[in-house]
Amino acid sequence: MFNWFIKKILGSKNQRAVRKLQPVVVEINRLEGLLQNEPEEALRIRIAAWQTTFRAFHTPPFIGGVTLRIADEAAVDATLEGIAPYFTQLKEHFPALDIDYLDSASWAGASPDDKKARIDRAREAWNDINPKFPALEAAILDKILPEVYAVVKNAARRLVGKEIIVCDYPLTWNMVHFDVQLIGGTALHRGMIAEMATGEGKTLVATLPVTLNALTGRGVHVITVNDYLARRDSEWMGYLYKFLGFTVGCIQNDQPSHYRAEQYQCDITFGTNSEFGFDYLRDNGMASSKEQQVQRGHYFAIVDEVDSVLIDEARTPLIISGPVAVAETSHHYERYKPLVEQLVRRQNTLCNKLISDAKEHAAKGDMELAGKLLFQCHLGQPKNRALLRCMEEPELRRAMEKAELALYQDTQKVEFFRIKEELFYFIEEKSNDADLTEIGRAFLNPDEPDAFVLPDIATIYSEIDGDTSLSEEARLRKKTETQDRLSHQGQRIHQISQLLRAYCNYEKDVEYMVRDNKVIIIDAQTGREMPGRRWSDGLHQAVEAKEGVSIDAETQTLATITIQNYFRLYQKLGGMTGTAETDAAEFHDIYNLDVLTIPTNQPVKRIDNNDSIYKTRREKFTAVIELIHQLHAKGQPILVGTASVEASETLARMLKLQKITHNVLNAKYHRQEAEIVSRAGLKGAVTISTNMAGRGTDIKLGPGVAELGGLFVLGTERHESRRVDRQLRGRSARQGDPGESRFFLAFEDDLMRNFGAAERMTKMMERFGMKEGEELQHPWLNRSVETAQKRVEQRNYVWRKRVLEYDDVMNQQREVVYEWRNDVLNSNDTRVLINDAVEKGILDRVTEYIPQEKGATPDYDALLHWVNTTFPIGLKAEDALFETRDLNGNAAFIQERVMHAYDVKVKGANPTALQEIEKMILLNAIDRLWQEHLFALDALKEGVNL
C-alpha cells in the first residue's frame with residue numbers, strides 16, 4: 001500500500017528516470033534553436049574540432065622491437081615528428097607530462113641511439129597515462145552531449161525535403177528529432193536499452209549517440225537483424241552522418257576481407273551481429289597475418305532490435321567449423337535410416353491401437369485404464385492426431401491428467417516405467433529429445449542383445465593386463481581392438497539416437513525446410529531461414545538422411561563464441577527495441593544493461609482485444625478465416641502473424657479457397673520482406689507473416705484506412721515469449737494511428753499443451769458449458785496464457801544461461817589464447833615470445849623429471865633423453881651434470897644451450913624473413929593445440945549432458 005502511494009505521488013522508477021532527462025532535452029532544444037541562425041559549414045567545423053580533441057587519445061605511430069633496432073635514421077626522425085603532436089595535445093589534460101625531450105630542437109643532431117631512447121621513453125610515458133584515457137573521454141563526451149545532439153538535430157532539420165537514394169530507390173528526408181527521441185538517444189549513450197514503441201523512429205534516435213561516440217574516432221558499430229536493414233540504414237542514416245563529415249561503412253555477407261577492413265576503418269560501421277561476431281573469430285582465431293585482420297576494436301555498439309539479437313539468438317553460439325580427420329567422419333545414417341523408419345511406423349501403429357483401446361474402455365466406463373492408455377500414447381507420440389482429438393473431450397482429458405498425476409506421484413514409479421517400456425521409444429517434447437526402450441533396441445538389433453551396451457573399458461583393460469599368458473604385443477593388440485569396438489558401438493548408438501530425434505522431434509517446414517537438395521534451418525523466433533547454419537553433433541546429417549538429400553561431411557569447431565560473450569567485449573553497449581521490459585532482468589544479469597521505457601510521441605490508440613480460444617486448431621483457423629473475410633470485405637488491412645512457415649502456408653491455402661487476395665511472407669528474402677510489410681497498411685491488404693518478419697520496417701496506413709479502424713493485427717497463435725506477441729501487436733497504431741489486435745488460440749497449440757494453460761482452461765470451459773466450435777474470451781484466460789509463457793521464458797532463460805556458463809569457462813581460455821595469438825601477430829620481436837615459450841616448456845619438463853616432493857627421486861637419464869629428442873643440441877651426460885644444480889639452475893642451463901643452438905642456426909638469416917617464419921611456426925602451434933582443446937571441450941560438454 002505504501003509503495004502504491006509513493007508511486008502515485010512520485011511516479012514509477014521509469015517515470016522518474018525519464019523526468020531526470022528532461023533538463024537535457026530542454027538544453028538540446030535551446031542550443032539547436034541558436035544553430036538555426038548559423039551557416040551549414042558551422043556544423044562541420046564543430047564536428048572537426050571535437051574530433052581533433054579526441055584524436056589526442058589515440059595511440060601515436062610508435063615503432064619498437066626489431067623494427068626500431070634496425071630502423072634507419074630517417075625512419076626514427078619521422079617517428080619522433082609523428083608522435084610529438086599527440087603529446088603536445090595531451091599536455092592540456094596532463095600538465096605534469098614532460099614532453100621537452102620530444103621537441104625537434106632538443107633532438108636535432110642527436111645520435112641515432114639517443115633518438116631511439118627518446119622513442120622508448122615516450123612509449124613508457126604513454127603506457128603510464130593510457131589507463132586514464134577512458135574516464136577522461138567519457139567525461140568529455142558527457143559534457144558536450146547537449147551541443148552534439150543539437151548539431152545532429154539541426155543537421156536533420158536542414159536535410160528536410162532533400163531526395164536521397166536508399167537501396168536503389170529515391171526517398172525524401174522528412175525527419176527531425178522529437179523530444180522523446182532525444183530522451184531515447186541520451187539513454188543509449190548512457191549504456192541503456194531504450195524501449196520505444198513501433199513507429200517511434202528508433203532508427204533516427206540512434207543517430208544521436210552514434211554521432212557523439214563516433215567523434216572519438218574509435219569506431220561505432222550499429223548492429224541490425226539482417227543484411228538488408230544494415231544496407232538500408234547505412235545509406236539512409238548515412239546521409240546524415242556524411243553531411244556532418246563522418247565516414248560510413250557497411251558489412252555485408254560474402255564481402256572480401258580487404259573490403260571489410262575498409263568498412264571497419266570508417267567512423268561508423270553497420271552490419272549484423274553474426275557478421276561482426278564471425279569477423280572477430282576469424283581475426284583472433286584464424287588470421288595468419290596482421291593484414292588479414294579486419295576489425296579494429298570493440299568500443300561502442302548500438303544494437304537495433306536488441307531483444308532479437310541479445311536474447312532470441314543467444315541460445316545458439318557463433319561457430320566456425322572445418323572438416324575433421326577422415327577417420328572421424330564415417331557415418332552410416334543411410335544404413336540405419338530404414339530401420340528407424342520401420343521403428344517409427346511400428347510406434348505409430350502401437351499408439352493408434354492404444355487410443356482405440358482407450359476409447360473402448362472409456363465406453364465401458366473404465367476411465368482409469370482409458371486414462372492410463374492415453375497417457376502411454378502421449379509418452380510415445382504427443383502430437384498424434386487421434387490423441388489430440390481425444391483431448392477435445394473433457395472426460396478423456398481429465399482421465400489422462402489423473403493417470404499422469406498418479407503415475408508421477410508414485411515414489412517408486414514402477415508402473416510409470418512399465419508403461420514406458422511397453423513402447424518402442426518415448427519422446428520428451430519439452431526438451432526436444434527421444435530415447436529408445438528395451439523393446440525398441442531389441443527391434444533394431446534382434447540378433448545382438450548387447451548392441452546398445454558400451455563395454456566397460458576399464459574392467460576389460462584390467463583383465464587384459466592380468467592375463468599373464470599374453471605377450472606385451474598381444475595385450476596392446478587386444479586393447480586396440482577393444483577401443484575400436486567401443487568407438488564403433490558408440491558411433492552407432494549416437495547416429496541411431498540422432499536419427500530418432502530427426503524423425504520424432506524435427507518437423508519439415510517448422511524446424512527446417514528443404515531447398516536445392518539442402519536442409520536449411522528455420523529460426524524458431526523469426527521464421528527466417530538460416531543458410532550456412534548447421535545443427536551440431538550429427539543431428540543435421542540425421543535430418544539430411546531423413547529427407548533423402550546429400551549428406552555433408554561432419555565438421556569440427558575451429559572457433560566459437562556465444563552472442564553474450566561477443567557483446568561483452570564492447571567497452572560501451574546500448575540497444576533499442578519496441579519490447580524489452582519483460583526481459584529486463586536478463587538484460588541486467590547478462591549484459592549489465594538497464595531498460596528505460598520511453599513514452600510515445602502521440603498517445604497509443606490501439607484496441608487490444610481478449611484472446612479468442614477454441615478447442616481445436618481446425619475450429620481456430622475457421623474462425624480466423626471468417627474474421628479475415630469480414631475485415632477484408634470492408635477494406636481494413638490485416639497483418640496475420642503465424643508461429644511457423646507451415647502455419648502460414650496452411651492459412652494461405654485456406655484464403656485461396658475463399659478467393660481472398662493476400663501476400664505470404666515466410667521471411668526468406670530480407671528485401672522483399674521489408675517491401676511486403678511496408679505495404680501491409682494499404683486498403684484491403686491481407687499479409688500473412690511469421691511473427692517477426694519485416695521487423696525494423698515501418699507500416700504506414702494508406703489513404704482512408706484510418707477511418708476503417710487502421711491496421712488489424714491478427715495473431716494465429718501465442719508465441720513462447722510474451723515479448724514477441726507484444727512486437728506483433730506493436731506493428732499496429734504507430735504515431736497515434738488507430739489500430740486493433742486479437743490473438744486466436746487452440747488447446748492443440750504447443751504452448752497450451754506443453755505448459756499447463758490447457759488444463760485450467762478446459763475446466764473453465766466446462767464450467768461455462770462451452771459447445772463445439774464455440775469460442776471462449778475472458779481477461780482471466782489471457783493471464784493464464786501469460787503464466788504459461790512466463791514458464792517457457794524462464795526455461796529458455798535457463799537454457800541460454802547454461803550455454804553462457806559453458807562458454808564463460810571457455811571464454812577465460814579464449815581470451816588468454818587470443819591475446820597470445822595477437823601478441824604473435826603484432827610483435828616486432830618474435831624472438832622474445834619464442835624464448836618465453838621455450839623457457840616455460842623447459843621448466844615444466846624439468847619439474848616433471850626432478851620433482852620437488854619430499855622423498856621423490858629425480859630421473860636425470862629421462863630428462864637427458866627428453867632434451868636430446870626435443871632439441872638438436874647433442875647434450876652428453878658428462879656435460880649436463882644435472883645432479884650438481886637445483887631445479888631452476890637446470891632449467892636455466894638447458895635454456896641457455898637451446899637458445900645458443902638456435903642463434904647458431906639462424907646466424908646470417910634475413911631478420912625480416914626470419915621473423916615471418918617464426919610467426920608462422922608460433923601461430924600454427926597455437927592454432928593446432930587450440931583446435932584440439934575445442935574438440936576435447938565439445939566431448940566434455942556432451943559427457944556432462946549424458
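1. Cys390 is buried, with a relative accessible area of 2%; buried here means under 20% relative accessible area, computed with a 1.4 Å probe on protein chains only. The model is predicted, with local features needing pLDDT of at least 70, side-chain atom pairs counting only at pLDDT 80 or more, and totals for chains, interfaces and linings using all residues. Residues are numbered from 1 along each chain as its sequence is written, and side-chain values use heavy atoms, leaving out hydrogens and water.

2. The whole structure contains 0 disulfides, a disulfide being a pair of cysteine sulfur atoms within 2.5 Å. Cys390 is in no disulfide, and its nearest cysteine sulfur, in Cys377, lies 8.1 Å away. The sulfur of Cys351 also has that of Cys377 as its closest cysteine sulfur, but at 4.1 Å this is too far for a bond. Cys351 is buried, at 0% relative accessibility.

3. The largest nonpolar core comprises 160 residues; such a core is a set of buried Ala, Val, Leu, Ile, Met, Phe, Trp, Tyr and Cys residues joined through side-chain atoms within 4.5 Å. Helix α9 (residues 133–159) contributes the most to this core, with 13 residues; helices are DSSP runs of H or I with at least four residues, and strands are runs of E with at least two, numbered from the N terminus. Apart from this core lies another, of 31 residues, including Tyr336 and Trp535.

4. Strands β11 (residues 512–515) and β12 (residues 518–521) run antiparallel, joined by 4 bridges; pairing requires at least two DSSP bridges. Val514 stands opposite Val519. The two strands form a hairpin with 2 residues between them, where Asp516 in the turn has a positive phi of about 55°.

How values were computed
Buried means under 20% relative accessible area, exposed over 50%, partly exposed in between (1.4 Å probe, protein chains only).
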